[in-house]
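Here is a short briefing on a single protein chain.

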Amino acid sequence: MRQLTEEELKTMLGKLAIYTGRSLNNLITSEDEGDRYVFRLHGNRVYYMRLSLANLATSIPRANLLTVGTCMGKFTKTGKFRVHLTALDIIAPHARYKVWIRDNGQMPFLYGSSVLGAHVGRWSEDIPEHQGVVVYNMDDTPLGFGITARSTAELKKLAPTSIAVHRQSDLGEYLREEDTLFTT
C-alpha cells in the first residue's frame, strides 16, 4: 500500500469532483478527533481511511493485505479512474447535485436502467448537462450515482420517456456483480 502519485491523485480527485463539486475540500481535509483522512493505493484500487489506520496497515505485508478503509474506486489499465459503488457513502453527504426518484423508478434503476423523466420526483436547482449527480429515493436514501443527460431547464420540457440520468452505479450491483466487485 502506498501514497498516490501527484498524477494519480489529480486524476482521482477530478473524477470525484464531478459528483462533489467544491465540497471535495471537506472530504480531503475532514478530521475526526484529530485524525485526518488519506487516500492510499493498493494494487490498482484507491482506499480512503484514517491516517492512523494507514500507518498500522504498513506493518502488514502487501500479499497478506486484502483491503483496508473504504474503496473509492480503481485505476484502469489506461490510467483512468473509475468510481466504485462502495464510495457512495462517502460521496453522498458531499454531493453538489442530487436527483430524487419516485417509487415507480426505484426498481428499474436498481436493476441497472437509466432514470427516465417520469421517474424523477425532484432535483437540485440548476443542474447542468453532463454533470455528476447522486440518485436518492424519496426517503433520502442514496441509491447510486450517474450523469445527467440534460440540464434541469431542458428536462422540464422533455417527454416523460426521455432519459434524465445515465446510470453509472447503483446499489443493485452488490447483487448483480458480487463475484467480481472486489476482484477485478
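Asp126 is exposed, at 61% relative accessible area (exposed means over 50%, buried under 20%, partly exposed in between; 1.4 Å probe, protein chains only). This is a predicted model, in which local features need pLDDT of at least 70 and side-chain atom pairs count only at pLDDT 80 or more, while totals for chains, interfaces and linings use all residues. Residues are numbered from 1 along each chain as its sequence is written, and side-chain values use heavy atoms, with hydrogens and water left out.

**The loop between strands 9 and 10**
- Asp126 sits in the loop that runs between strand 9 (120-123) and strand 10 (132-137).
- Its phi is positive, near 55 degrees, and the residue is not a glycine.
- His130 lies in the loop between strand 9 and strand 10.
- The phi of His130 is near 60 degrees, again a positive value in a residue other than glycine.
- His130 counts as exposed, with 56% relative accessibility.
- Most residues other than glycine have a negative phi.

**Helix 5**
- Helix 5 spans residues 103-110, and its buried residues include Gly105, Gln106, Phe109 and Leu110.
- Viewed down the helix axis, the buried residues of helix 5 fall within an arc of 130 degrees, so they line one face (the arc is that of the directions from the helix axis to the C-beta atoms).
- Their cover includes strand 7 (98-101), strand 8 (115-116), strand 10, strand 11 (142-148), strand 12 (163-170) and helix 7 (173-176).
- Gly112 follows helix 5 and has a positive phi, near 105 degrees.

**The chain as a whole**
- The chain holds seven helices and 12 strands (DSSP runs numbered from the N terminus: helices are H or I, at least four residues; strands are E, at least two).
- Along the principal axes, the C-alpha atoms fill a box of roughly 55 × 35 × 35 Å.
- Of the 184 residues, 44% count as buried.
- Among contacts with a separation of 6 or more, 55% join residues 24 or more positions apart (contact means heavy atoms within 4.5 Å).
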